[in-house]
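Please look over the sequence and the structure shown here before reading the briefing. The notes then take up ring pairs, a helix and a charged pair in turn.

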Amino acid sequence: MDLFQKNGFPLIGVIFLAFGAFKFLQGDDWVVWIIIGVLFGGLGAFSRRKDKQP
């Protein structure tokens with residue numbers, strides 16, 4: 001499970017962030033969707049680092 005947590009992609013968080021951006025462009029309520037995306041780890045997709053192993 002630890003390997004999955006390190007290498008897993010925060011898909012749910014990214015989906016909520018994308019939905020929040022879509023709602024922002026429409027002019028609707030978007031703040032809640034962005035907050036949910038952050039809570040589910042959506043920002044982790046932008047700060048991912050690849051650890052190079054020999």
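Rings of Phe, Tyr and Trp (for Trp, its six-membered ring) pair if their centres lie within 6.5 Å, and planes under 30 degrees apart count as stacked, over 60 as edge-to-face and the rest as tilted. By that rule, the structure holds four aromatic pairs. This is a predicted model, in which local features need pLDDT of at least 70 and side-chain atom pairs count only at pLDDT 80 or more, while totals for chains, interfaces and linings use all residues. Residues are numbered from 1 along each chain as its sequence is written, and side-chain values use heavy atoms, with hydrogens and water left out.

**Aromatic rings**

- A pair of aromatic rings is described by the distance of the centres and the angle of the planes.
- Phe16 and Trp33 form a stacked pair, at 5.9 Å centre to centre and with 15° between the planes.
- Because Phe16 lies in helix H2 and Trp33 in helix H3, this pair ties together parts that are 17 residues apart in sequence; helices here are DSSP runs (H or I, at least four residues), numbered from the N terminus.
- Phe16 counts as partly exposed at 21% relative accessibility, a class that lies between buried (under 20% relative accessible area) and exposed (over 50%), using a 1.4 Å probe and protein chains only.
- Trp33 also counts as partly exposed, at 28% relative accessibility.
- Phe24 and Trp30 form an edge-to-face pair, at 5.1 Å centre to centre and with 80° between the planes, and Trp30 is partly exposed at 33% relative accessibility.
- One aromatic cluster is formed by Phe16, Phe19, Trp33 and Phe40.

**Helix H2**

- Helix H2 (residues 11–26) has 16 residues, which at 1.5 Å a residue should span 22 Å, and this agrees with the 23 Å between its end C-alpha atoms; the expected span is 1.5 Å times one less than the number of residues.
- The buried residues of H2 are Gly13, Leu17, Gly20 and Lys23.
- These residues cover an arc of only 120° around the axis, which puts them on the same side of H2; the arc is that of the directions from the helix axis to the C-beta atoms.
- Just after H2, Gly27 takes a positive phi of about 90°.

**Charged side chains**

- Side chains of opposite charge can pair when their charged atoms come close.
- The structure holds one salt bridge, meaning a side-chain nitrogen of Lys or Arg within 4 Å of a carboxyl oxygen of Asp or Glu.
- The side chains of Lys23 and Asp28 meet in a salt bridge at 3.7 Å, N to O.
- Asp28 is partly exposed, with a relative accessible area of 37%, whereas Lys23 is among the buried residues of H2.

Definitions and conventions. Helix = DSSP H or I, 4+ residues; strand = E, 2+ residues; numbered from the N terminus.
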